[in-house]
Structures are given as structure tokens and as C-alpha cells.
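Please look over the sequence and the structure shown below before reading on. The report then takes up the chain and some of its residues one by one.

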Amino acid sequence: MTSVRILATLKGGQQKEAKILVVNPNSSQSMTESLVTMFQTSPPPAHVTLSFFTGPADCPKSIDDEEGCHASAKACLPLLLPSVHAQEYDAYLVACYSEHPLPGFLREASQGKVPALGIFEASVLYSLASSSPSDKFGIITTGRVWEVLLTNALGNFLGARDSTRFAGVMTTGLTAIELHQVPQAEVYRKIGKAAKVLVEDRGARIICLGCAGMVGMEEAITQALGQKWANKILIVDGVKVGVLLLSGMV
């Protein structure tokens, strides 16, 4: 057996502390609290400090279409610009699973010096980087309107349409806020049903949780798929992987 030839071994310096602001661009404080709870259970890397922002009262309580994305960006941006100009944070994560305009606005405001990602983009990047070229990824999201919006968003993000890596979008029919209002058993049933279609009918091996309100709901997918698919499906939470990606970009 041929051994690997090592040219050199280098140890890096101490990792820079990273302050990341997680932006919930809707006005639902309960959704922000669910993000905080998730990171209390699954802490970020040791060098990362997270802060959390909730959109003002004139933001939608639940962002359920493209109009809501633009309305929330318009309401949040003036409140975030002072922190951008003061270089208060090293990176921004916008916790709305959509082609949300806010990450672009924040990058522009910092003149490209501060990275900003949406959780949609983060989940796609992570899915592609964590799988083989033959593996497909799919998205489980909320209302039916997102089937077209997220499919178009993926084409815009990749710069290509009809990717063979994409298994499509499945919806639950619930709004983002209803994910925490409808009985959990019903929410899990709808998420699980969508997961089975993506995996068993469309060949997905990676499933993206397509809403910030779905944080911590991986169990709905594993329960629905059962032992047959245990340890064979990667479930991607865009909020978790967004923090992970940004922590390496600062």
C-alpha cells in the first residue's frame, strides 16, 4: 500500500473571535426565541458569539410570499445600518428561507467587507459541499407559493436552471408562524409526508429545512422515514449551517 507523502505540517494561529448577528426579519419574537433555544442546545463553534435581532412591529409576523420578503427588508434595513457602519458585527445571517434581499443590502452597506448570508443560500452551499455529484437535495417548506419562488431562487443562485442535483420543493401548507401554533403532531405529520415524497419518490438524499421556524424539527423527518433510511439522509438546518459557514468567512 502506498503511503501518503506529506510535504509539510503547519499549525494555524489562534482563531479570530467572530460576532455574528442572527436576523429574524419578521416581527415574531417567538420565532427568535426558538432560534435562541436551538443554539442553547446546539452551541455554535467556541470562537463564535451570537446575537439575535427581531424585526420591528411593521414587519410581517410571518413572511409567506415575495411581498413579505421585500416589506421586511425595507423595515429592518434602517435599524441594522448603524451596526453595519459601526462594524459592530463580523457577519450577518438572515433567518428567512427565501431569496431575501436583506443579505445583499447588508453586503452593499458594508462595501463588501462584512459577509452576509441568507439561510436558503447557506443550506444550498452546505448541501452541495457535503454530498457526491450523484446525490440530490430537496427542500421542505411552508406554503405552496414557495414551490415556484424557491425553485426560481435556486436557479438564480446557481446561475443555471433544471439542476440534476435538485429533487424539488415540497410544502406543508402551513405558514411559518403556524409551525409553532398548530399541534406538533400535525406539523410533524405534514413535514414527514413531504420528506417521504422527496426521498422515496424523487431520490433525495439531502433534505433542507426550508423555514427558520422548522429549527429543531429534524425528528419529524427521521420518524417518518423510519429505520430503513436511518443514517442515510442528511438533514440540513440552514440556520445552523449558516452560522458554521459564516464563522469560517470572517
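## The chain as a whole

The structure is a predicted model, and its secondary structure comes to eight helices and eight strands. A compact globule of 250 residues would have a radius of gyration near 18 Å, and the chain has 19 Å, which agrees. Taken along the principal axes, the box filled by the C-alpha atoms is roughly 60 × 50 × 35 Å.

Of the 250 residues, 50% count as buried, while the chain exposes about 12,600 Å², of which carbon and sulfur atoms supply 52%. If we consider contacts between residues at least 6 apart in sequence, 79% of them join residues that are at least 24 apart.

## Helix α2

Helix α2 covers residues 66–85, and at 1.5 Å a residue its 20 residues should span 28 Å; the C-alpha atoms at its ends are 27 Å apart, which agrees with that expectation. Even so, α2 bends by about 40 degrees at Leu77, and a proline, Pro78, follows within four residues. At the start of the helix, a side-chain oxygen of Asp65 comes to within 3.3 Å of the backbone nitrogen of Glu67. After the helix comes Gln87, whose phi is positive, near 55 degrees.

Which residues of α2 are buried? They are Gly68, Cys69, Ser72, Ala73, Ala75, Cys76, Leu77, Leu80, Ser83 and Val84, so that Leu77, where the helix bends, is one of the buried residues.

Ser72 is found in helix α2, and because its relative accessibility is 0%, where buried means under 20%, Ser72 counts as buried. Not counting residues up to four places away in sequence, Ser72 touches Pro25, Cys59, Pro60, Ile63 and His100.

Ser28, by contrast, has its place in the loop between β1 and α1 (29–41). Its relative accessibility is 2%, and therefore Ser28 also counts as buried. With residues up to four places away in sequence again left out, Ser28 touches Thr54, Lys61 and Ile177.

Val199 has its place in helix α6 (residues 184–201), and it counts as buried because its relative accessibility is 2%. Leaving aside neighbours within four places in sequence, Val199 is in contact with Ala204, Arg205, Ile207, Leu225, Trp229 and Ile233. How far apart are the C-alpha atoms of Val199 and His85? They are separated by 45 Å, with the two residues 114 apart along the chain.

Ala212 lies in the loop between β7 (204–209) and α7, and with a relative accessible area of 3% it is buried. When neighbours within four places in sequence are left aside, the contacts of Ala212 are Leu35, Ala95, Ile119 and Val239. Ala212 and Val169 are 43 residues apart in sequence, and their C-alpha atoms are 16 Å apart in space.

Is Ala230 buried, exposed or partly exposed? Ala230 has its place in the loop between α7 (218–225) and β8 (234–237), and since its relative accessible area is 30%, it is partly exposed. The C-alpha atoms of Ala230 and Arg165, which are 65 residues apart along the chain, are separated by 21 Å.

Asn231 lies in the loop between α7 and β8, where its relative accessible area of 83% makes it exposed. Its phi is near 65 degrees, which is a positive value in a residue other than glycine. Gln111 lies in the loop between α3 and β4 (116–118), and because its relative accessible area is 66%, Gln111 is exposed. For Gln111 phi is near 60 degrees, again a positive value in a residue other than glycine.

How values were computed. Residues numbered from 1 in each chain as written. Predicted model: local features only at pLDDT ≥ 70, side-chain atom pairs only at ≥ 80, totals over all residues. Heavy atoms only, no water. Helix = DSSP H or I, 4+ residues; strand = E, 2+ residues; numbered from the N terminus. Expected span 1.5 Å × (residues − 1). Bend = angle between axes of the 7 residues up to and from the residue. Buried < 20%, exposed > 50% of the residue type's maximum accessible area, 1.4 Å probe, protein only. Polar contact = N/O pair within 3.5 Å; in protein donor to acceptor, adjacent residues only side chain to side chain. Contact = heavy atoms within 4.5 Å. Rg over C-alpha atoms; globule rule 2.2 N^0.38 Å. Areas by Shrake-Rupley, 256 points an atom, 1.4 Å probe, with all protein chains shown as cover.
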